[in-house]
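Visitor: I'm new to reading protein structures. Could you walk me through this one, feature by feature?

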Amino acid sequence: MEGSVLARIAAIVFVAIAITAALVEMGRDEAGQAARPAVPLMPEADPLRAEQRRCQELGEAGASDPDCLAVWAETRDRFLGRDRTGGE
């Protein structure tokens, strides 16, 4: 290879590294930490979650507990995006 071809390849690699470094730096906040989303991933207090835990602790008895059956139905409807009040 000629020297000019190697110089061009080196210049392209240098520019690619510089662009990558600039993008990484733009993704950080002023303290140097990576920027985090402002929205929490889980709500702080979900009564359905507490009931799910209670039913989990019941074990096999939870399969015949009417409250647990209602909790699991609500969980299933939330997951599937169904509206329980709409009477699907």
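**Reading the disulfide**

Guide: Look at the torsion about the S-S bond of Cys 55 and Cys 68: it is about -100 degrees, so this disulfide (a pair of cysteine sulfur atoms within 2.5 Å) is left-handed. Keep in mind that this is a predicted model, where local features need pLDDT of at least 70, side-chain atom pairs count only at pLDDT 80 or more, and totals for chains, interfaces and linings use all residues. Residues are numbered from 1 along each chain as its sequence is written, and side-chain values use heavy atoms, with hydrogens and water left out.

Visitor: Is Cys 55 buried or exposed?

Guide: The cut-offs are these: buried is under 20% relative accessible area, exposed is over 50%, and partly exposed is in between (1.4 Å probe, protein chains only). Cys 55, at 1%, counts as buried. Cys 68 is buried too, at 0%.

Visitor: Which residues of helix 3 are buried, and what do they pack against?

Guide: The buried ones are Cys 68, Val 71, Ala 73 and Asp 77, and the buried residues of helix 3 pack against helix 2.

Visitor: How many Å should helix 3 span?

Guide: The expected span is 1.5 Å times one less than the number of residues. For the 15 residues of helix 3 that gives 21 Å, and the end C-alpha atoms are 21 Å apart, which agrees.

Visitor: Where is Asp 65?

Guide: Asp 65 is in the loop between helix 2 and helix 3. With a relative accessible area of 19%, Asp 65 is buried. Leaving aside neighbours within four places in sequence, Asp 65 is in contact (heavy atoms within 4.5 Å) with Arg 54 and Leu 58.

Visitor: And helix 1: is Ile 17 buried or exposed?

Guide: Ile 17 lies in helix 1 (residues 3-26) and, at 55% relative accessibility, counts as exposed.

Conventions
Helix = DSSP H or I, 4+ residues; strand = E, 2+ residues; numbered from the N terminus.
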